[in-house]
Amino acid sequence: MKTDDLIASLVADHPSRTRPVWLWLLAGNCAALPLSGALFMMSLGMRPDISTAIYNPFFDLKFLVTLALASSAAALSLHLSRPNASLHGWMWLLALPVGLLGIGIVADFAVPQRVNWTGRLVGSSSMACMSSIPLFSAPFLIAALLMLRKGATSHPMLLGAFAGLMSAGLGAAIYAAHCMDDSPLFVATWYTLAAAFVTLIGAMIGRRILRF
């Protein structure tokens, strides 16, 4: 028997399939969710008027925007986990959360409000937002960076950045259940700044540990 035939025979007798990266990333996020949720419940908890807040479209919009951001960033991360992947033709995915937020801001100005636009932008919990979103994002970021090592990226820093953006979206969705500031202006300002910080951390760490 030739050597090539012997190898093929052994492989056929002991099949092994490498699990796709998306499955690893999904498993990592599922594992991180209880930890992030526990941090949320121990530190903040649900907002007291959650039963009535769910009927406020601006409250619901926070979850649409943050989860759309997490989904878009996850898709970009999985794409970049492949060797020689390019972002050409992929960045449009980020238009979904940006577009939703833009529609929300227009509606915010169109609907009569008791608080002026500067008050809605500053809100009452900007510092809590800036500290809580990175905290709740941390378990997702750690899991994402570990799971994305299963890929073979050619752009470790960029992949780390999108892993951070995905994690920030998930962390922000969790924080939104406590946040009393529902204005899209507040979300566009403080959620974005917190997400940018997590993205930067992801890029810095990813540059080191995602090298293939």
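These entries record what I looked up about confidence and pockets in a predicted model.

**Ground rules.** Residues are numbered from 1 along each chain as its sequence is written, and side-chain values use heavy atoms, without hydrogens or water. In this predicted model, local features need pLDDT of at least 70 and side-chain atom pairs count only at pLDDT 80 or more, while totals for chains, interfaces and linings use all residues.

**Confidence.** I checked pLDDT (the predictor's confidence in each residue, from 0 to 100). The protein's mean is 90, and 91% of its residues reach 70 or more. I then went through the elements (DSSP runs numbered from the N terminus: helices, H or I, at least four residues; strands, E, at least two). Where pLDDT is low, the predicted coordinates should not be read in detail.

**Largest pocket.** A pocket is an open set of points on a 1 Å grid over the protein atoms alone, where a 1.4 Å probe fits, with protein on both sides within 12 Å along at least five of seven lines; lining residues have an atom within 4 Å of a point. I noted about 340 Å³ of space here, the volume being that filled by probe spheres set on the points. Its lining has 14 residues, with Gln 113, Val 115, Arg 120, Asp 182 and Ser 183 nearest the centre. I sorted the lining by class: three nonpolar, six polar and five charged residues. Nonpolar means Ala, Val, Leu, Ile, Met, Phe, Trp, Tyr, Cys and Pro; charged means Asp, Glu, Lys and Arg; the others, Gly among them, are polar.

**Second largest pocket.** I found about 260 Å³ of space. Of its 17 lining residues, Val 65, Leu 69, Tyr 191, Thr 192 and Ala 195 lie nearest the centre. Two or more lining residues come from each of α4 (57–80), α5 (95–110), α8 (156–176) and α9 (184–209). The largest share, six residues, is from α9. By class I have 13 nonpolar, four polar and no charged residues.
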